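The following exercises concern chains, their folds and the surfaces they share. Please study the structure before reading each solution.

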Amino acid sequence: MTDGESADGVRLTGIAKSFGGTRVLAGLDLAVRAGEFLTLLGPSGCGKSTLLRIIAGLERQDCGTVSIAGRPVDHLPPAERDVAMVFQSYALYPHMTVAGNLATPLEMRRLTLLERLPLIKHLSPRRARVMRGIMAEVRAVAEALRIEALLDRKPAQLSGGQRQRVALGRAMVRHPAVFLMDEPLSNLDAALRVEVRHELADLHARLGTTFIYVTHDQVEAMTMSSRIALMDQGRILQLGTPDDLYDRPASLAVARFIGSPSLTVLETVADGVGGIRLGAVRLPFGHRFAAGTRLSLGIRPEAFALPLGPEADGPALAARLVRAENLGAEWHLHVRLDLPGEPPAIVRLTAAEHEAARASGLLEDPLTLVLRARGVHLFGPDGARVEPDPAHTAVVE
Amino acid sequence: MAVSSVPFASPAPQLAARERRLALAGAAFAAPAALLLVAILLAPLIVLVLLSVTDYRLGAVAVRFVGLANYAEMFSDPVFRRAIRNTFLYVAFVLPAGVFGGLALAALVHARKRTRSLYEVIYFLPVTSTLVAMATVWQFLLHPSLGPVTPLLAALGFGRLDLLNDPDLALATLALIGLWQLLGFNMVLFLAGLSAVPRDLYEAAALDGAAGAVDRFLRVTWPMLGPTTMFVTITTTISAFKVFDTVVVLTRGGPLGATDTLLYVLYLEGFHYFRTGYAAAMTVVLLAFLCLLSLLQARLIERRVHYA
Amino acid sequence: MRSRAFLASVLSHLVLLIGAVLMLAPFVWMLLTSIRPAEEVFGAVFDPIPSRFAGFENYAQALFASNVPRAMLNGAVVCLGILAVQLATALPAAYALARLRFPGRGVLFGLVLFGLTVPIQVPALPLYLALAKAGLLDTFFALMFPFFLTVFGLFLFRQFFRTYPEEILQAARLDGMGEFEIVWRLAVPAALPAIGAFSVFSIVAHWNDLYWPLIVVTSRERATPPLGILAFRDAETGGNYGALMAGAALITAPLVLAFLVARRGFVRGLTMTGLK
Ligand SMILES: Nc1ncnc2c1ncn2[C@@H]1O[C@H](COP(=O)(O)OP(=O)(O)OP(=O)(O)O)[C@@H](O)[C@H]1O
Ligand SMILES: [Mg+2]
C-alpha cells in the first residue's frame, strides 16, 4: 500500500470515535486502493459498521480524516461524497415501486427541488425529458441485475434475494466511486447467500469500482476480497490478502479468528537455541528468544497429518482419539495430545487421507500425528507472529 | 378433518362429544354479551328506525305513521340545516388543524431528546381532563369582563371581543377549544408513527441525495406515516363531528344559533321538545353518516397492506 | 451548518414552549383562581398572582356547600359498576369469539364490528323510552345500563385472545381444566395488560361523559361529575368563580393525577381506541 496507489481509493487517517464514554474506534488508519474489494472483517461490536458509516458520512468521526479519490470529504454530506451504500436491512422505500426506488438517487441529482415537489413538479417542461433519461438508466441497471420484470412491484412483494438486488441496483444507478456494503447478505438463507456471493464478486470484476464490504463471516471475506482488514475492538489487527491472513497471520488473535475449525494453540517455552520443545519433540524455528520464554504454537487442523508415505518422517506427536466427524469431503478428528495437560486438538483429513489411514490401521489408538511445515505458526509472548528463519523453512528434527 | 386417521378404537364419538361440550361452553360464555347486544344495540336500532317514520312524541297517546315526512322536514328545517352547516364548518377547521398541527407537534417533539417526555405530558394533559370542567374554565377565561383573554386580545389590537357571544366568532372559539383538547391525542399517535420509521430509511435517503428537510419529509416521513395519517384523520373527523360538551357548557347553540351543532339539535329535539319521531329520523341520518366514515376507514386501512 | 442547526433547535423549542403555555394556561388559570379570594376575581386589576391565599374558603365551598363531592362519588360508582359488568361479560364472550366454535359466532362478531361504529347517541332515544316506561329514569341503573355492553372491549379482547398460544389451551384441557377455568386462570391473567388499557379507556370515557347523564339524570342525588360542575356553575356558586374553579379542579384531578402517575398505561389506554 504505497501512497501512489491509495490516492485514488479511500484513505482513512487517525479515525477515532466514541459513543458516550465508550471508545469504538481508536485512531485507525486504512488505505483502500482504487478498484479493490476490501472487506472489513471482525467480531460483532468491533466497530465495522461505525467505520463504514463514517466513510459514508452518516456518522461524524471525533478526529481523523476521510479522503475519497484523493480529496478530503469530511465537510461533505453523504450525498456529495460519491459513495453508495447497501444496508443490511436494504432500507428500500416501502411505498415506492422498484423503479421508483432505483430512480430516487438520480431524481435527487438531476431534478431541481421544485421539480420534485408533489403537483408542482408537473409544471416543469424539462422534467418529463429528464425522467425519460432516468428511466432508461434504471431499466439498464435492472437488466444488468435481472430484475427488469420486477420494476412495477413494491418491496413488500419481493423475496429477500430480490430485495437485495434492488438495494444493489439503487447503489449502482449512480455509478459511485465507492460501494459501501454493511453485511448485505445476512438476511438471506444459506443457499442464496452463496449465489449472491458469486454475483457480487462478478459485479465487482465487471464494474471495477472500489468496494468496501463489512461482514463478520470469514467465508464471505475470504472468498470475495482482494484484501481483508481484520478488526478487533476498534483497531485493525492485520490488513492483507486472504492468503496473507491465513498463511501469515500477524498475530495469535488473527490466527485464531481466521480458519474453521479454529487452529490448535499449544503453550510452549523457548529452548534458547532457536527452537521449542513439544514433549519429546524439538521444533527448530530460528527465533532469538531466551531460554524459558513463554511462546504459543498455533497448528492449523490441516497441518496435522497421519504418518502416510512421504509425510511419515516429520516430527511426531502421540494423541488419543476422542471423536471423529465425517463432513463428506473431509474428516475432523478431535484428539487429545499426549503432552502435559492433554491439550485438545483438531485434525483435518481429506476423505482420501482418511480412507488410506484406515486401510493402513493408522486410526487405532493411540494415534501418531505428524506436523507439516505449512500451517504451523509460532507467536511470541506479545502474541506477534515469529517469522521462521529462512534457513529453517522445513520443520525437521 | 383428520378424524379418520386417528388410530384409536372409537375416536369419532368422543371427539364429537368434546366438540359439543366446547360449543356449549362457547354459547354459554357469549350469551350474556349477546343478550346485552340485543337489548342495547339491536332492539333499540329497530325501534329507532320504526320511530323515525312516525310522529310519536313522548307522552302522546296516538301515534301516526307519517312515512318519510320526518326526513323531508329535516332537510327543509332551517335549524337542522344550520346545525349541519355549523358541524361541517367545525369539522372543516378542526380536521386540518388537528391533523397537521398534531403532525407538526409530533415532528418537533420527536426531535427533542431530553425534553421529549415533558412535552408529551404537557400536550396530553387536556386529553385526560374532563372537558365539561375545563369548558367552565374556558368560559371564565373568555369572560369579557372577568377573564384575561379579552384584555389580552385588546392589548394586541383586536378590540374588546366577547368571543362566546359574538355570532361570528363563537363557533370558531368552540373549534379552538376542541383543537386544544385534541392536539395532544393526535400528537401522541403521530409520535408512535414517527418512532416506527426505520432510521435506515433516512440514512438511505441522505445517501440518495434527499438531504434537505423538504425531501426527507416528502420521500420518507410523509409516506411512512400514511397509515397513521389515515387513522388520525378518521378519528379526528368522528370526534369533531360529535362535538357536544362544549356547546352545552358554553353556548347552548347560541348566539343566534351560531353554534347549533348536529348532536346538540338532536339532543334538544329528542330530550327537550320530545319530538321523538323527528329525532329518530335525525339519528338515522347520523348513523348513516358514521357508517359511511367507518367504511371509508376500513377501505383506507386495507391500503396499509401494500406497505412493508 | 452548526449555527443553522442551533437556530433550528432554538426555533423548535420556542414553538413548543408557546404551545405548551397555551396548553397549560387553562389549568394554571383554574388553579390560580381556585385560591383567589372572591373579591379579587371581580376586581378591576388583573394580577395573575392572588393577593392572599383563599384556597381554604374556595375548596371548602366546593367540598361542603356544593354537589361536587356527591357527583364525584356517583362518578366513581358509575365508572366502577360499568367496568365490572363490562369485564364480566366481555372477557368470556371475547374468549368464546376467539377460541370456541359455537352456533352464531360469525353473526355475533359481525354485530360487534358494526357496533364499533355506533355511538351512544344512536340507541339513546329508544333506551330512554324503555327506561322511562320501566320507571327507571334517574337511577344508577339508567346511568350504567347502555354501557354494560362494550363492543370495543369485545373486539379488543378477542384480538388479544387470538394471539394466545393454542398449545397452552390444549395442554390445559388435557390437564383436565374446564373452559371456565381456562378463561379465569389462563386467559384473563395473560390479558391483564389489555384489561388495564381497556379499564383506563372505559373509566375516562364514563367519568367524562355528558350526553347520556344529561338525558337520564334529573336529581342532584344522581349527578355525575360533569353534571355536578354544571349545576355548581349555574346555581350554587353564588358568583364565586374561585369556588367554581376549585370544583373544576377537584373533578379534573383524579384522572389527571392518575395520568401523571401511570403515564405510559394511560396513553396506551386512550390512544388504542381512537374510535369511541
Ligand atoms: N449510535 C450509537 N450509540 C451508542 N453506541 C453505539 C452506537 N452505534 C454503535 N455503538 C456501539 O459501538 C460499538 C461498535 O458498533 P458497530 O455497529 O460499529 O459494530 P459492528 O462491528 O458493526 O458489529 P456487528 O457485527 O454486530 O454489526 C458497539 O459496542 C455498539 O454498541
Ligand atoms: Mg454492524
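**Exercise 1.** How many helices and how many strands are there in chain C?

*Solution.* The model is a predicted one. In chain C, 15 helices are found and zero strands.

**Exercise 2.** Compare the radius of gyration of chain C with that of a compact globule of 276 residues.

*Solution.* Begin with the reference: a compact globule of 276 residues would have a radius of gyration near 19 Å. The value for chain C is 24 Å. Next, consider the extent of the C-alpha trace, which spans about 75 × 70 × 35 Å along the principal axes of chain C. Finally, turn to burial: 55% of the 276 residues of chain C count as buried, where buried means under 20% relative accessible area.

**Exercise 3.** Determine which pair of chains has the most contacts, and describe the side of chain B that touches chain C.

*Solution.* Step one: two pairs of chains touch, and the pair with the most contacts is chains B and C. Chain A and chain C, by contrast, do not touch, their nearest C-alpha atoms being 10 Å apart.

Step two: 87 residues of chain B are in contact with 83 residues of chain C. Between them, chain B and chain C bury about 7600 Å², of which 80% lies on carbon and sulfur atoms.

Step three: ten residue pairs are in polar contact between chain B and chain C, both residues at pLDDT 80 or more. Helix α1 (residues 11–51) of chain B supplies the largest share of the side that touches chain C, with 22 residues. By class, this side of chain B has 64 nonpolar, 17 polar and six charged residues. Between chain B and chain C, the count of salt bridges is zero.

Technical notes
Residues are numbered from 1 along each chain as its sequence is written. Chains are lettered from A and ligands numbered from 1 in the order in which they are written. This is a predicted model: local features need pLDDT of at least 70, side-chain atom pairs count only at pLDDT 80 or more; totals for chains, interfaces and linings use all residues. Side-chain values use heavy atoms; hydrogens and water are left out. Contact means heavy atoms within 4.5 Å. Buried area is the accessible area (1.4 Å probe) that two parts lose on being put together, summed over both. A salt bridge is a side-chain nitrogen of Lys or Arg within 4 Å of a carboxyl oxygen of Asp or Glu. A polar contact is a pair of N or O atoms within 3.5 Å; within protein, one must be able to donate a hydrogen and the other to accept it, and residues adjacent in sequence count only if both atoms are side-chain atoms. Helices (H or I, at least four residues) and strands (E, at least two) are DSSP runs, numbered from the N terminus. Ala, Val, Leu, Ile, Met, Phe, Trp, Tyr, Cys and Pro count as nonpolar, Asp, Glu, Lys and Arg as charged, and the others, Gly among them, as polar. The radius of gyration is taken over C-alpha atoms; the globule rule is 2.2 Å times the number of residues to the power 0.38. Buried means under 20% relative accessible area, exposed over 50%, partly exposed in between (1.4 Å probe, protein chains only).
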